[in-house]
Amino acid sequence: MKIFEFCLMVLIAAAPAGAASVDAAKGEIPVAPTATPLEVRSSEAAPAASRFIFGTPDEQYPYYAGVPKELWPYRNTEPYVKFFVTRMPFRGPGRDYPPPPDLKSLKIGLLDSPKYGPNWDRSVRQREGIILAVEEANHACQPGQLPFELIEREGIAQWGGAANLTAEFADQGVLGFMGTVDGGEAHVALRVTLKTEVVMVNTSDPDPTLTETSIPWLLRVLPDHRVEEARLAELIVHKFGCKRIAILRAGDRFGRLGVHTFMNFARRLGCPAVQELLFKPGGTDIPHQIAAIKDSQPDAIFFVGEPDDVGRFAKQFRQAGIQARFFGTDLLMEDSFLREAGDAAEGTMITCLFDPARQDPLWVSFVARFRERWGHEPDAYAAYAYDGAQIMIHAIQSAGPNRWRVRDQVCNLDYYQGVTGWMQFDGTGSNIAPVRLVRFDHGRRVFEPEPEFSPSAAQRL
């Protein structure tokens, strides 16, 4: 999409917001205008409408998450058809349905992770970001306009439990729902949307297969494994020249999906993994895995798992005399990795979704408001959840209380500038904006210097 088309899309994005609060005599229900957060009122920040850039019919999107061609599957063969280079349309009815009678609020669903599962703490931080966004939107409501109402459900720690919860959202009249961190629950919930026709904005699951299901009721704001691990594979092979890559991963779904993606990238770069070994989440000692990896003489080790597990095992690798470089994903940004690894973290390089020390006005203002509301700093889960909620709120304000038109607003988004920076959505509806690189240096997280991503930069990719 050319730059002049961006301007056109901005005008298109701004138009529906005014149309959402039309005369009650025409059968429309007034909703709150697009909330103007504190940072948007700053002269240093862009107006809210200009932060939403929408797609055009039959637009072509970057192939395979926008990764370099050398990392494409079957890159030396021209396929008969390439999937996911256009958006999946929804051709069903619903856009002309009248609003529900006696509507008292605009409902948004929130699907949390199971309370006693491994992702509960992250789900709490996600929840805090969403609640803040809803509270701010309601604070901006004018008299007579419908407020937003958050309908929250805690996940069930059994396969398929998310299906019933997602169906409940539809029964209770939500216009869209958010969540969840757990990949299995997200997949189950997504499949239910085919029947309930309630759009989901996923803010926290990096599973690359989630948006490749050809289900036109999903947008994901968190960059997935492909974006992170393409960056890591190029870093390991091209920048550091490592040829013997060993992998240690958790024996769970998160570890399996993340490592599968990385292994494909490494193989396409001519460096298939020399070892792939598993550990039990929460385990304390892995002598057999350490011995096997040491025998393979690696020059790089890629870790995937909970940060406290990875930190503990990284220390054991160094104690065993293994001098290979360490690499990992954004989970290792959590404090428990550094606490467990100690000096063994020195030199480790990981991906990070954005730089929390950036001075962008949107981010600085969000951090201040979040700290005031919750008493602590926001992390990536809180920030992406806030951005996802802003997308959902803007869609409802623009489309009115009609969940099919809300879907159109959500799923036709090309770019969005949130507190985490600019997002770029591919043909599957997944955010493919570049991630950052972080190096551990004497107990500090040092971000590699890089320019901020923007839609104009995307035109040069």
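**Reading helices and buried residues in a predicted model**

Tutor: In this predicted model, helix α5 passes helix α6 in a right-handed crossing.

Student: How is a packed pair of helices described, and what are the values for α5 and α6?

Tutor: In general, two packed helices are described by the angle between their axes and the distance between those axes. Here α5 (residues 225–239) and α6 (residues 253–268) pack at about 45°, with axes 9 Å apart. That angle makes α5 oblique to α6. On the α5 side the contact is made by His225, Arg226, Glu229, Ala230, Leu232, Ala233 and Ile236. The α6 side contributes residues including Phe254, Leu257, Phe262 and Phe265.

Student: At what angle do α11 and α12 pack?

Tutor: Their angle is about 130°, and the axes are 8 Å apart. That makes α11 oblique to α12, and the crossing is right-handed. Met392, His394, Ala395, Ile396, Ser398 and Ala399 of α11 meet Arg405, Val406, Gln409 and Val410 of α12.

Student: How far apart are the end C-alpha atoms of α11, and what span should its residues give?

Tutor: Helix α11 covers residues 380–399, and at 1.5 Å a residue its 20 residues should span 28 Å. The end C-alpha atoms are 28 Å apart, which agrees.

Student: How many residues of α11 are buried?

Tutor: The count is 19 of the 20, so α11 is largely enclosed by the rest of the structure.

Student: Is Leu353 buried or exposed?

Tutor: Buried means under 20% relative accessible area. Leu353 has 7% relative accessibility and therefore counts as buried. Leu353 lies in the loop between β11 (349–352) and α10 (361–374). Leaving aside residues up to four places away in sequence, Leu353 touches Leu222, Pro223, Glu228, Asp330, Ala380, Tyr384, Pro434 and Val435. Leu353 and Met333 are 20 residues apart in sequence, with their C-alpha atoms 9.9 Å apart.

Student: Which residues does Thr196 touch?

Tutor: Thr196 is found in helix α4 (residues 183–196) and is buried, at 12% relative accessible area. Residues up to four places away in sequence aside, Thr196 touches Thr166, Ala167, Ala170 and Arg403.

Definitions and conventions
Residues are numbered from 1 along each chain as its sequence is written. This is a predicted model: local features need pLDDT of at least 70, side-chain atom pairs count only at pLDDT 80 or more; totals for chains, interfaces and linings use all residues. Side-chain values use heavy atoms; hydrogens and water are left out. Helices (H or I, at least four residues) and strands (E, at least two) are DSSP runs, numbered from the N terminus. The expected span of a helix is 1.5 Å times one less than its number of residues. Buried means under 20% relative accessible area, exposed over 50%, partly exposed in between (1.4 Å probe, protein chains only). Axes are lines fitted to C-alpha atoms, for helices over the stretch in contact, and angles run from 0 to 180 degrees between N-to-C directions. Angles under 35 degrees count as roughly parallel, over 145 as roughly antiparallel, 65 to 115 as roughly perpendicular and the rest as oblique. A crossing is left-handed if the near helix is turned anticlockwise from the far one by less than a right angle, and right-handed if clockwise. Contact means heavy atoms within 4.5 Å.
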